[in-house]
Number of protein chains: 2
Amino acid sequence: MNRAARTTAPPAREAPLTLPGHPATAPPPDTARATAVLARCRELTRPALVDAVGRLDPWTGRMAAYALGWRDAGGTPDPQGSGGKGLRQALALLSAEAVGATGATALPAAVAVELVHTFSLLHDDIMDGDPLRRRRPAVWRAYGVGPAVLAGDALHALAVQSLAEAPGDRAPAAVRHLSRTLTALVRGQADDLRFEELPWTGPDAAGLAAYRAMAEHKTGALLGCAAALGAELGGAPQATVAELDRAGRHLGVAFQAVDDLLGIWGDPALTGKPVHNDLRQRKKTYPVLAALAGAGPARRELAALLDSDKPLEGATAAHAAALVDEAGGRAATRAEASAQLDSARACLRAVRPDPAAARDLDALVGSLLDRAW
Amino acid sequence: MNRAARTTAPPAREAPLTLPGHPATAPPPDTARATAVLARCRELTRPALVDAVGRLDPWTGRMAAYALGWRDAGGTPDPQGSGGKGLRQALALLSAEAVGATGATALPAAVAVELVHTFSLLHDDIMDGDPLRRRRPAVWRAYGVGPAVLAGDALHALAVQSLAEAPGDRAPAAVRHLSRTLTALVRGQADDLRFEELPWTGPDAAGLAAYRAMAEHKTGALLGCAAALGAELGGAPQATVAELDRAGRHLGVAFQAVDDLLGIWGDPALTGKPVHNDLRQRKKTYPVLAALAGAGPARRELAALLDSDKPLEGATAAHAAALVDEAGGRAATRAEASAQLDSARACLRAVRPDPAAARDLDALVGSLLDRAW
């Protein structure tokens with residue numbers, strides 16, 4: 001959807017098709033650089049990723065190529081396919097550059113984290129019953145549940161293998177880190193599945209602290225791992241590896257918070273999902289939890305609406321979104337993301353990164369809050 | 001079912017409730033020793049396995065404890081539960097002993113291969129739609145498909161982590177080996193799923209060579225890995241590690257062939273599945289493929305029966321089993337298993353194993369063809 005189309009969008013309460021959190025304006029200055037950085041990192045990683053996927057048997061390899069957005073479900077190259085923006089691979093490469101190594105040093109890490117990300121989306125979509133991923137049928141919808149389980153297992157195994165076979169004496173520590181991250185991801189997904197079962201209100205209600213813990217496992221662990229592995233393969237001291245891990249974890253929680261903003265107020269042309277999607281599905285997102293953590297009439301009306309059996313569709317969903325906003329949930333989420341990004345920046349500064357890599361990382365971090373990528 | 005009950009079993013064509021391949025006799029001499037060896041290895045591994053599973057979050061940990069046969073689906077300790085006989089953990093420990101190390105040296109390997117085995121059964125049951133595992137509902141039946149996918153992922157990740165954190169300078173090579181095995185297992189499962197789609201007869205028919213390749217990936221790779229990892233952590237030279245890997249692969253193909261005999265002629269009290277189960281399900285097992293590879297009237301009648309849409313139930317299944325036997329499929333499978341076991345023995349002899357470990361390994365290998373475990 002282009003900008004002209006946006007101006008003809010219905011009033012904000014019904015379908016605020018702007019960037020999340022604030023009205024449509026010119027893209028923030030970091031966005032163009034961040035887009036270029038991500039593209040450079042994708043280009044650097046792609047041959048190694050193609051090479052890794054080429055080691056799979058043809059059948060799981062075809063499912064992997066679909067999941068990565070390279071091919072359609074029949075195996076034909078798909079120019080419309082999107083494999084995501086590659087934030088994780090970029091973090092791995094930029095971390096290596098930040099500690100004075102070449103990005104290429106971190107390629108096995110970039111491949112591993114991208115494969116883990118693809119695997120976890122693939123299996124999560126089965127668990128969540130999510131029929132769509134990046135505007136196409138999820139792998140389980142395209143190939144069936146059984147084959148999708150297998151394709152995920154293949155990507156999981158291939159990720160470990162890619163890193164385990166990395167040259168150099170730092171590969172074993174990197175593999176240990178990745179294996180801890182893989183168990184953390186499972187914990188995050190388990191937390192997430194249970195989190196969705198908690199009530200909206202009352203003593204057992206889902207809270208912001210539990211949300212942060214879940215987001216750190218579910219999203220932060222892999223972003224932290226990506227940054228840490230890049231530094232590890234880049235030969236950095238352990239303190240630097242740990243600091244970059246922390247930077248990635250903060251980025252992960254920020255990323256998840258922004259994802260939640262996009263899940264309610266994001267442009268469907270950007271997210272590939274209907275407007276207010278996360279509200280329609282009654283997902284326990286940060287904006288809603290933050291709104292419920294407050295007080296006032298909007299909070300009370302929102303709580304009553306969520307506790308009711310009323311389907312959150314159309315105008316009701318738009319009204320719920322407005323209530324979240326009025327109760328301060330949208331602003332609190334931007335503030336949370338912003339604070340997490342500041343913490344990430346502090347961690348990055350602490351490792352005294354190589355200046356060129358620092359600029360690229362800054363652009364990524366700076367573009368995250370208003371990301372259009 | 002006890003021996004007295006067996007003597008009252010219906011005629012062999014209908015339900016030959018004997019050990020597979022030959023009539024009921026006294027247990028072969030190796031069986032008692034093999035049973036004791038397996039019990040010793042299970043006892044040695046159990047605390048380390050409990051410790052590893054204790055690192056999972058409570059929810060996936062409960063599913064893992066169910067899958068391992070330790071607890072029932074509600075989390076209560078289950079004295080009836082069976083986690084299998086532990087052939088893989090035994091191979092890891094005995095291999096370490098065979099190369100002069102203590103069994104304890106190989107505990108991280110024993111834990112890893114047992115977790116991988118449990119993970120792969122768990123996910124395979126989802127893919128195959130198998131509702132039963134070891135006489136209890138499969139994990140996906142007990143907890144749902146989504147949670148079962150997650151439990152498998154948790155065991156997969158935990159297996160890698162357990163080995164990656166093993167002490168000593170041989171752990172990295174062990175992890176590389178395990179990661180190669182994990183991709184091989186996926187390939188084996190992919191082969192298996194596609195193998196079942198092949199026609200019984202004609203130019204594209206499933207053949208014995210393809211069967212062996214599939215069995216080597218699906219079963220041999222992990223048994224070979226178990227033996228190799230035990231030797232690796234035990235500090236053996238690479239040639240010894242490779243030879244023990246080969247021994248395990250031969251054992252794996254033999255194990256799969258015997259499994260196929262049990263799947264048709266096994267005692268349901270032993271297998272936990274109905275008599276002729278694999279025939280009823282039209283599984284492409286070695287005995288059937290070997291029967292079809294021959295000639296003569298039994299082979300022709302069997303091919304016609306399999307190519308028909310006729311359900312293979314009751315008397316028809318029993319008749320099909322008799323035809324497989326008459327066409328030489330049962331004898332050929334015993335011969336195949338026997339030859340694979342001889343190859344395994346040759347590999348084991350080649351590494352000049354420690355005498356006590358050699359006796360234990362011999363007992364395991366010797367009991368495999370007529371295994372009642």
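The contact, defined by heavy atoms within 4.5 Å, takes 35 residues from chain B and 35 residues from chain A. The structure is a predicted model, in which local features need pLDDT of at least 70 and side-chain atom pairs count only at pLDDT 80 or more, while totals for chains, interfaces and linings use all residues. Residues are numbered from 1 along each chain as its sequence is written, chains are lettered from A in the order in which they are written, and side-chain values use heavy atoms, with hydrogens and water left out.

Between them, chain B and chain A bury about 3,000 Å² (the accessible area, with a 1.4 Å probe, that two parts lose on being put together, summed over both), and 73% of this area lies on carbon and sulfur atoms. Two salt bridges are counted between the chains, a salt bridge being a side-chain nitrogen of Lys or Arg within 4 Å of a carboxyl oxygen of Asp or Glu. A:Arg194 and B:Asp57 meet through their side chains in a salt bridge, at 3.5 Å from N to O. On the side of chain B that touches chain A, the elements that give two or more residues are helices H3 (58-67), H5 (107-128), H7 (145-164) and H8 (171-195), and H8(B) provides the largest share, with 13 residues.

Helix H4 (residues 87-98) of chain B, where a helix is a DSSP run of H or I with at least four residues, has 12 residues and reaches 16 Å from its first C-alpha to its last. In H4(B), 12 of its 12 residues are buried, that is, under 20% relative accessible area (1.4 Å probe, protein chains only). B:Gly100, whose phi is positive, near 90°, follows H4(B).

How values were computed. The expected span of a helix is 1.5 Å times one less than its number of residues. Buried means under 20% relative accessible area, exposed over 50%, partly exposed in between (1.4 Å probe, protein chains only).
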